[in-house]
Amino acid sequence: MPRRADKGGQRLRLPLRKSLLGRFLAVSALVAACSVAATAWLAVQTTSGAIEQEQGRNLAADTRVLDTLLAYAARHPTWDGVGATVDELADASDRRITLTTQTRQILADSAGSSPPPPGLPPQASAVVDPLSVADVSSGAGSVTIAAPGTDGTQRSGTDRVDPRAVGPFELSEAERTSLRRTADEAVQCLSRSGIASDVVEGPSGRPRIQVVGNDPDRLDGSRCSTDALDRPTGTEAKALVALNELVNACLDRQGREAVELDLDLSWRTGEEPLPATAVPVPTPAPSLSVPREAMPTEVATPAPLDSDNDRDIASCVGIARQEQLSSYVASPALLFISDPGGGEVPGFDLSPGNTAKITGVAALVLALTVGASVFAGVRLVRPLHALTGAAQRMRDGEAPSQVVVAADNEIGRLATAFNDMSAHRARMEEQRKVMVSDVAHELRTPLSNIRGWLEGAQDGIADADATFVSSLLEEAVQLQHIIDDLQDLSAADAGALRLHPEPVRIGELLAHVVAAHQAQADAAGVGLTVTVAEEHGAVPVVEADPVRLRQAIGNLVSNAVRHTPAGGRVTLRAHATGPGGPDDEVLLEVADTGSGIAPEDLPYVFDRFWRAEKSRSRRTGGSGLGLAIVRKLVEAHGGTAGVVSTVGRGSVFTLRLPCSGPDPMNTAA
């Protein structure tokens, strides 16, 4: 059993983990932590998606910038005149674009020179080198993306020359015109055969026929010749011979056999041509082609280099192409892509500093939540502590105290209810003290009379005659009456007052009460009559205990006769509120024309030992228990008792009884 106080009377405080404040703080902290976590998760998810989209847009813009500059470098031997292109790219991408030599000497800068622009980032975004194409997706190092052939088709392999860097393979205007005429004639021929096609021109100016659709078998039945488009022109033959010499020189330095290159950069040895799968690049794109997804599966596909000789030849081809094109393309340059302020393009970096910021903000939110919870919890618990202290003082026997009602809320209403309970307890305590005093006084009077008569008889002062015996009997009856009243009240309070209900005719019961009190009324000169109203028909039979009901009505009649002067009248009335259904009631009224009761005394007339006449005269007042007993008896029957009074005109006591009878719990078995 938990202790409520120590030996010194000091009240023990609850541990924080068990107190309302502690639980309130724990719940608040948990809710705050969950809210912070959920908000952080949602923010991270939303921000990550936005950042990924932004990074994708940045990467696309950066790739577009790099591709444009690679095209410029592939078509120009120097970087002279690149400034206009850089400015256009900067305006389109809203970036600062700077192109420098490998020693960081500025070739072109979109930021201009006046005023002096901010410094460049420490790391270049990419290297612009058409002879070594690199990716800028990571911003660190080169990544091989493709190897082109001289026909402009992108190839896979170790050769990273930009396909737009054609150098000496670029066709003259006359060659372009001649090949284009031939290609147009082939397209018209295919069109007459029902095959749709277009002419596609490569970086070198060589045209190629692109068939529209995905049915390559239709080409087999056409009689359109495209052989003229497959033969090298004079310019290409001259460039191919020069390239072949460079390749063979490289192979000779490595002790390898010389080879003969074709226009698609495949090679042949002096003995026989190698199969298509042995070359380092796919079969050259023919002058007549179909989309890749429509190519039949049996067409030869490139195979990986499977010998040291093949790898050496492929390496020499790549070296020879770079050597041949070096005088036709711009030198390598460093590309810096930054924001207009000079810094790097903003991105998302969850560095330790950013992590610390996020953690700090989360901790701040949690601290503010806990602080607000502490403030609210203290304000919530303070009135509860006041209520607890007041209740404990009442338990320790101190006078009931009132607590301050701060606001009209749940705790304020609890404090109001406690104050009402405290005031009611104070009234009950006062009534208990008065009751003890009244009981002692009521018992002392008859006992003192009996003792006086007996002591007088013992001393020979009083004779033990009939008058003596009658006086003793009167005092004993009064004493017995008080004890019976107290016993009835005690039984009613303890719920031990048992009724014996039976059908009762109200008219007959009132007639018996009048007959029992007729002598008292005649002696006081008071008229006593009975009236039974029948506006709803005859008063129904009521289930009630006739003895207890006569006792209650008799107490009212006796009290009314006592307070009605001579010549006055006491009237007993009865009427029903309905035709006698289970929910109907019977009203019994005892009306007098006596002195009446003051309005300030009406709330206390049914209290124990309360009397309007404080002198306790036997003539004007009884024990003060009669009306209290009336209320208890009526409530035991499931009814109510009330009074209406006017000073100088009389009072009307009303008993309201249900026709269905008392609660079965109050009836005797």
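A: Leaving out residues up to four places away in sequence, Glu589 touches Thr571, Leu572, Arg573, His575, Val652, Phe653 and Thr654, where contact means heavy atoms within 4.5 Å. This is a predicted model, in which local features need pLDDT of at least 70 and side-chain atom pairs count only at pLDDT 80 or more, while totals for chains, interfaces and linings use all residues. Residues are numbered from 1 along each chain as its sequence is written, and side-chain values use heavy atoms, with hydrogens and water left out.

Glu589 lies in strand β16; helices (H or I, at least four residues) and strands (E, at least two) are DSSP runs, numbered from the N terminus. Glu589 is buried, with a relative accessible area of 15%. Buried means under 20% relative accessible area, exposed over 50%, and partly exposed in between (1.4 Å probe, protein chains only).

Apart from residues up to four places away in sequence, Leu572 touches Leu510, Val513, Val514, Leu528, Thr529, Val530, Thr531, Ile553, Val557, Glu589 and Val590. Leu572 also belongs to the largest nonpolar core, which has 48 residues. A nonpolar core is a set of buried Ala, Val, Leu, Ile, Met, Phe, Trp, Tyr and Cys residues joined through side-chain atoms within 4.5 Å. The members that touch the most other members are Ile506, Ile553, Val557, Val570, Leu572, Leu588 and Val590. At least two residues of this core come from each of α9 (466-493), α10 (506-524), β14 (542-544), α11, β15 (569-576), β16 (585-592), α12 and β18 (650-658). There is also a second, separate core of 21 residues, which includes Ala73, Trp79, Val82 and Val86.

Two packed helices are described by the angle between their axes and the distance between the axes. Axes are lines fitted to C-alpha atoms, for helices over the stretch in contact, and angles run from 0 to 180 degrees between N-to-C directions. For α10 and α11, the angle is about 35° and the axes are 10 Å apart. The crossing of these two helices is right-handed; a crossing is left-handed if the near helix is turned anticlockwise from the far one by less than a right angle, and right-handed if clockwise. On the α10 side, the residues that meet α11 are Ile506, Leu509, Leu510, His512, Val513, His517, Gln520, Ala521 and Ala524. Their counterparts in α11 are Pro546, Leu549, Arg550, Ile553, Gly554, Val557, Ser558 and Val561. By class, this contact has 11 nonpolar, 5 polar and 1 charged residues. Here Ala, Val, Leu, Ile, Met, Phe, Trp, Tyr, Cys and Pro count as nonpolar, Asp, Glu, Lys and Arg as charged, and the others, Gly among them, as polar.

Helix α11 (residues 546-562) also packs against helix α12 (residues 626-636), at an angle of about 145° and with the axes 9 Å apart. The crossing of α11 and α12 is left-handed. From α11, the contact is made by Arg548, Gln551, Ala552, Asn555, Leu556 and Asn559, and from α12 by Gly626, Leu627, Ile629, Val630 and Leu633. This contact of α11 with α12 comprises 6 nonpolar, 4 polar and 1 charged residues.

Pro546 is likewise part of helix α11. It is buried, with a relative accessible area of 12%. Leaving aside neighbours within four places in sequence, Pro546 is in contact with His500, Glu502, Val504 and Leu509. The C-alpha atoms of Pro546 and Leu499 are separated by 9.2 Å, although these residues are 47 residues apart along the chain.

Finally, the setting of this part within the chain may be stated. The protein chain has 12 helices and 18 strands. Of its 669 residues, 37% are buried. Among the contacts in the chain with a separation of 6 or more, 67% are between residues 24 or more positions apart.
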